[in-house]
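I open my notebook with the sequence and the structure side by side, and I write down what I look up as I go.

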Amino acid sequence: MKHIFHLYYPAVVFLYIMAALIFSMITLNPVCIIISFLAASGYSIYLNGVKSYLKTLRFVAVMFVIISIINPLFNHNGVTILFYMFDNPITLEACLFGMASGGMLACIFIWFTCYNKLMTNEKFLHLFGKAMPTIALMLSMILRLVPTTRYKIKCITNAGKAMGIQAETRRKRIAHGVRASSILLSWTMEDSIETAESMNARGYGVAKRTSFTAFKWSPHDIITGVIITALVGAVIYMMIVPFNTYVYYPTAGGELIAPIGIVGYVLYAILLCFPLLLELRETIKWR
Amino acid sequence: MEIIRLNNYSFMYPKATVNAVDSMDLSIQKSQFVLVCGQSGCGKTTLLRNLKKEIAPHGKSSGEIYYNGTLLADLDAKESASKIGFVRQNPDNQIVTDTVWHELAFGLENLGLPTPVIRRRVAETAHFFGINAWFESDVFSLSGGQKQMLNLAAVMAMQPKLIILDEPTAQLDPIAAKEFLTVLRRINQELGTTVILSEHRLEDVLSLSDKVLLMKDGASEFFGSPKQLIENMAEQPNHVFGKALPSASRISLALGEKTSVPVSVREGRAWLKSLANGTNFDEAEQTITSEKKAPVLQTSDVWFRYDESFVLRNFSVVVNSGQMMSIVGGNASGKTTALSVMAGLLEPVRGTVKLNGKRLSKYKKHEIYKNNIAKLEQNPKTMFACDTVLADLVEASDNEDKRREIIAQLGLSGLLEKHPYDISGGEQQKVALGKLLLMEPKILLLDEPTKGIDVYAKDELAEILKHRCTLGDAVVIVTHDVEFAAEHSDECAMIFNGEVMCRDKARDFFAGNMFYTTSANRISRDIIPKAITPKDVIDACKEKQLFLK
């Protein structure tokens, strides 16, 4: 499925997804975490589908629970003691902090599922490949090698299995592993000779390489880039001038919902939901 | 105008004692379509690679090669890279980058062209080759045919004057191969690019070419038009190359035609019709390899899927001992998956696979593959773990008597000291098969065994497999190769969309199909009932005393 935001210039996409990731990393404000979680979830569902999102969510939930439990067990800061466990105080503040950091990690994780879908290799290469064409080409070749090698390993294992090469004992398993990797090595080397020849045949090294990319700036990208930059600036400003202060230690609390703070939350939400809003506008336009 | 000229050119590999290319004189005109053919090891590849200086093999050469009047060795590096394109057999290994668009741009990047020029060339090339739909795809997700088309397109993006192709369709299924050749023809006809193509499947290419070069032992045996080639063959009825000719030509040559030999199916039909002239032929009988027939491997109602959609649905077949069964079908029809399920390498989601009446899942893993089932993977390289053929055979079995028997049976004695990577594709196939036979299987499962090997190697393979059948083994091959299946198998099954759509004796199977059938059947349809191989047609005609004196 192609989404509108996919088609934007890679730098714009990169700016947005990095903003989402970094803001999610540096804020422990519970409202911000909730906004980030909702936005990340919404976008992840939009990009990857419900099924894949639920899979991520299952993992993320486990991580969240573990961190929420572990933090109060090892961190005894805070003044509100709930109970004692093995003579150690378990504090309400440490519990809350654990949940906040668990939530933060969950957000980062979900944002990464979006990152993977948005920042394809070619976009990444486009952004960073111009400065170093050789490394860009190498990366591209490695990216090609990975699935090919995985496929070869599967073929070798199957061929071995069908020849009755089975690993019953650990010693045998190691021997078979060595055998399989030696086959893989000769096979890959043999193939790479052909690849090298194919590169030579097409003039690799006859001139200074240029780096071609399929991406081009359009006025649309510039406008969107400016809007995202403005939003990022505004959110940073709101963070530097701490409008919504929330601290966990020694006592959890702070001014969560100040009148000016609400503006900050709204700006943050607009920034994180920006691609979703773009998609929404597009859907309405084309209906 | 000449584009390529060879003056008494010879080439010898280091440490070799005979010339791989032997005093070759050749002149190829601009915009010609030249076919290079000959038995495996005749020096086709060596000759072609010598025409492209970047990938010319190391060794001693004498004589000259000229490109467009310039000595090839003196050609400017940039010009040589862009003006002479080269496409090889293996679709995978030639691809350098990870995406289609990047691959198209690769050569142009190497030449240091500016982005706007690359943009334009990539766009028009993609358009010409009809690859717009998968322009942004990852190369790993492409089919073999698409990959090879990409290789050709990537070379054509550099706007060469001459393209050299070394058996480019050998790894492709027949439909992809035809598509590839059609595009090649368009390149030649619409752009005037000179094409030099080596092939061992002449059925489709002979009618495309202007000139044919037949090589033997590194030397030119014949160089002329396809018509002259066939007339030449008519004078030497026992020439080894006769078997590689298109079915129509083979049939008519065998029946004594000397002057107007048909090449295509259409011409063959017209020729046969006038010869038969309304004669009523008897229906040909299916010959069965072995009467010792008993079901050994049985799948019933097997369903399988890798992800959401089912690859196999209600897949049911019975494999009999002493028989060769071919499973044919298009790309992505589930053939290879079916074979893996039958081999017990994949567990069906639903349904059962029974080996000798007992469920496969009830067997211990090592029991299945010891004296029972053996599977030959598509790529024999997956099976070579040692430095010599002999060591590889020893790996499979240390019983010397058994090994000697298999070596004799398969004719491997000349290869034993060689590295498995240094022998030809057909020989690799045989060695891999030998390794399997040393495990003494009762059921042989082969995945595309005829892929990339020439007619002679195919015949040898068929002999080996038939011999196994007479010993009472069951042989199952999964193949695109309709001609091979028709000529050699006892039974055929067609798999479509994961299901066995029909299953019949080979003769009835192909006689009943209209599209999915052999050339000989297309030629003789409605003239001779149930003839599916050139031999059938020839025998039927001879029996009725129908031949030209």
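Before I look at any side chain, I note that a residue counts as buried when its relative accessible area is under 20% and as exposed when that area is over 50%. I also remind myself that this is a predicted model.

**Entry 1**

**Entry 2: strands in chain B**

Next I follow strand E14 of chain B, residues 350-355, which runs antiparallel to strand E11 of chain B, residues 295-305, and is joined to E11(B) by five bridges. In this pairing I see that Leu297(B) has Leu355(B) of E14(B) as its bridge partner. E14(B) also pairs with strand E15 of chain B, residues 358-359, again in the antiparallel sense, over two bridges. Here I find Lys354(B) opposite Arg359(B), which lies in E15(B). Which residue takes a positive phi in the hairpin of E14(B) and E15(B)? I note that it is Asn356(B), with a phi near 50°, in a hairpin that has two residues between its strands.

**Entry 3: chain B as a whole**

Stepping back, I count 20 helices and 20 strands in chain B. Its radius of gyration is 25 Å, close to the 24 Å that the globule rule gives for 549 residues, so I record chain B as being as compact as a globular protein of that length. The C-alpha trace of chain B spans about 70 × 60 × 50 Å along its principal axes. Of its 549 residues, 56% count as buried. When I take the contacts in chain B between residues at least 6 apart in sequence, I find that 68% of them join residues at least 24 apart. For the accessible surface of chain B I write down about 22500 Å², with 48% of it belonging to carbon and sulfur atoms.

**Entry 4: confidence in chain A**

Lastly I check chain A, where the pLDDT averages 86 and 97% of the residues score at least 70. Among the elements of chain A, helix H2(A), residues 30-48, has the highest mean pLDDT, 93, whereas strand E4(A), residues 253-254, has the lowest, 75.

Note on methods:
Residues are numbered from 1 along each chain as its sequence is written. Chains are lettered from A and ligands numbered from 1 in the order in which they are written. This is a predicted model: local features need pLDDT of at least 70, side-chain atom pairs count only at pLDDT 80 or more; totals for chains, interfaces and linings use all residues. Side-chain values use heavy atoms; hydrogens and water are left out. pLDDT is the predictor's confidence in each residue, from 0 to 100. Helices (H or I, at least four residues) and strands (E, at least two) are DSSP runs, numbered from the N terminus. Two strands pair if DSSP finds at least two bridges between them. The radius of gyration is taken over C-alpha atoms; the globule rule is 2.2 Å times the number of residues to the power 0.38. Buried means under 20% relative accessible area, exposed over 50%, partly exposed in between (1.4 Å probe, protein chains only). Contact means heavy atoms within 4.5 Å. Accessible areas come from the Shrake-Rupley method with a 1.4 Å probe; for residues, only the protein chains shown count as cover.
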